[in-house]
Amino acid sequence: MAKRRAALIGATGVAGQQFIAALKDHPWFELVALAASERSAGKSYAEALRTANGMLAWFVPEPLDPKVAAMPVVSGSALRGRDFDLVFSAVEADVARELEPKLAKDVPVISAASAFRYDEDVPLLIPPVNADHAPLIRQQQQRRGMKGFVVPIPNCTTTGLAISLAPLEQAFGVQAVLMTSMQALSGAGRSPGVIGLDILDNVVPHIPKEEGKVEVETKKILGSYAPGAGAVTPHGMKVSCTCTRVAVLEGHTESVFVSLKKKATPAEVAQVMREWKGADVARALPSAPPRYIEVLDDPFRPQPRLDRETHGGMATSVGRIREDGVLENGIKYVLVSHNTKMGAARGAVLVAEMLHEQKLL
Ligand SMILES: NC(=O)c1ccc[n+]([C@@H]2O[C@H](COP(=O)([O-])OP(=O)(O)OC[C@H]3O[C@@H](n4cnc5c(N)ncnc54)[C@H](OP(=O)(O)O)[C@@H]3O)[C@@H](O)[C@H]2O)c1
């Protein structure tokens, strides 16, 4: 099978760089074009990454492939969808709102941006959790008259939460969720990102718009979709969060309290999480981990430094599963999820792989 030709917009950013790493030697997709802002257009990729003081702002631990370093960067507005088989997008929402629909007239766009996540004809996909929502793409195409489509992935804080809730919903039902996040710096990207002076020796107790995103997205992802319907019916659970920024480079930690519909012991919760494999179609994809959830018994885990890279940054690590005596049928736990891998680039590549398997791409 010839590889599908992919373009990447936002290639120079934190998430964009992870896309480059995720697509290196990919068996199905080949990265053939890189786009960023006018600031980077006309430069080679390496030149575009060079900061004013001469530093190569390559954020990913894997070395920058010399072939990618030499690739030209074009402006996002200069990309023509029909030159590619699909486009990955890692730009901010305002840029996505303008560029993605233009590209989607001709070609599928898989996006890390929030711009279209809340539109009713747009599924918000995490392959092991809600693969059955993907056919909503066909309604989107019909309604908008597009050959392609826009499929966003969730906010990186939502991803680990929704994955950890999926087996609980299936086994016991979920009534309500309270969550406090301790989010990594890389989640804020580089433009402008978080300034070292503001975060070292500190916790910043507010991330603009983040809490609303997690609350709405979790219900949409765990909602139901009837084939042929024009929208997902959101899950009726209540979700309330506090999102904070901490001085961690990668990996979002979340303290989660869940009110279940049916009482369950911590041992039962651990068991259903351990046994959960997710949707069949999500199991054998090239970027799929051997397990989407790893449950840890050590009460000092999960920790972002130790657990974010589990299964290549594609697993949600869960620990400290305990009974909660305040909520009805309460259970509480801590999770760690990699925000720029499963929560961004590799998670988006996983969605593209699933859509390819579902013959939607
Ligand atoms: N970081 C994460 O953990 C994470 C996780 C999930 C989702 N996301 C989402 O991914 C997107 C990117 O986030 P990020 O953290 O990678 O941000 P970032 O580091 O600030 O990167 C932004 C990227 O957008 C490009 N860009 C800016 N204006 C543009 C334009 N007019 N046309 C084309 N490209 C343009 C920038 O190019 P220049 O270098 O030329 O300015 C850069 O490549 C956001 O929507 C974010 O919410 C991020």
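This is a predicted model: local features need pLDDT of at least 70, side-chain atom pairs count only at pLDDT 80 or more; totals for chains, interfaces and linings use all residues.

Biologist: Which residues of helix 1 are called buried, and what makes them so?

Modeller: They are Val14, Ala15, Gly16, Gln17, Gln18, Phe19, Ile20, Ala21, Ala22 and Leu23. A residue is buried if 20 or more other C-beta atoms lie within 10 Å of its own, and 10 of the 10 residues of helix 1 are buried, so the helix is largely enclosed by the rest of the structure.

Biologist: What covers the buried residues of helix 1?

Modeller: The cover includes strand 1 (4-9), strand 2 (29-36), helix 3 (66-69), strand 4 (86-89) and helix 13 (345-357).

Biologist: Which element gives the most to the shell around the ligand?

Modeller: Helix 1 does, with 3 residues. Strand 2 and helix 4 (93-104) also supply at least two residues each. In total, 32 residues surround the ligand, and Ala15 is among the closest, as are Gly13, Ala36, Gly76 and Gly189.

Biologist: Why is the ligand said to lie between domain 1 and domain 2?

Modeller: Residues of the shell come from both domain 1 (4-155 + 345-357) and domain 2 (156-337), so the ligand lies between them.

Biologist: How do you know that the two domains touch?

Modeller: Two residues are in contact if their C-beta atoms lie within 7 Å. By that criterion, 34 residues of domain 1 are in contact with 33 residues of domain 2. On the side of domain 1 that touches domain 2, the largest share, 7 residues, comes from helix 13. The residues of that side divide into 19 nonpolar, 8 polar and 7 charged.

Notes
Residues are numbered from 1 along each chain as its sequence is written. A residue is buried if 20 or more other C-beta atoms lie within 10 Å of its own, exposed if 12 or fewer, and partly exposed in between; C-beta atoms are placed from the backbone. Helices (H or I, at least four residues) and strands (E, at least two) are DSSP runs, numbered from the N terminus. A residue is near a molecule or strand if its C-beta atom, placed from the backbone, lies within 6 Å of it. Domain bounds come from an automatic or database domain assignment. Ala, Val, Leu, Ile, Met, Phe, Trp, Tyr, Cys and Pro count as nonpolar, Asp, Glu, Lys and Arg as charged, and the others, Gly among them, as polar.
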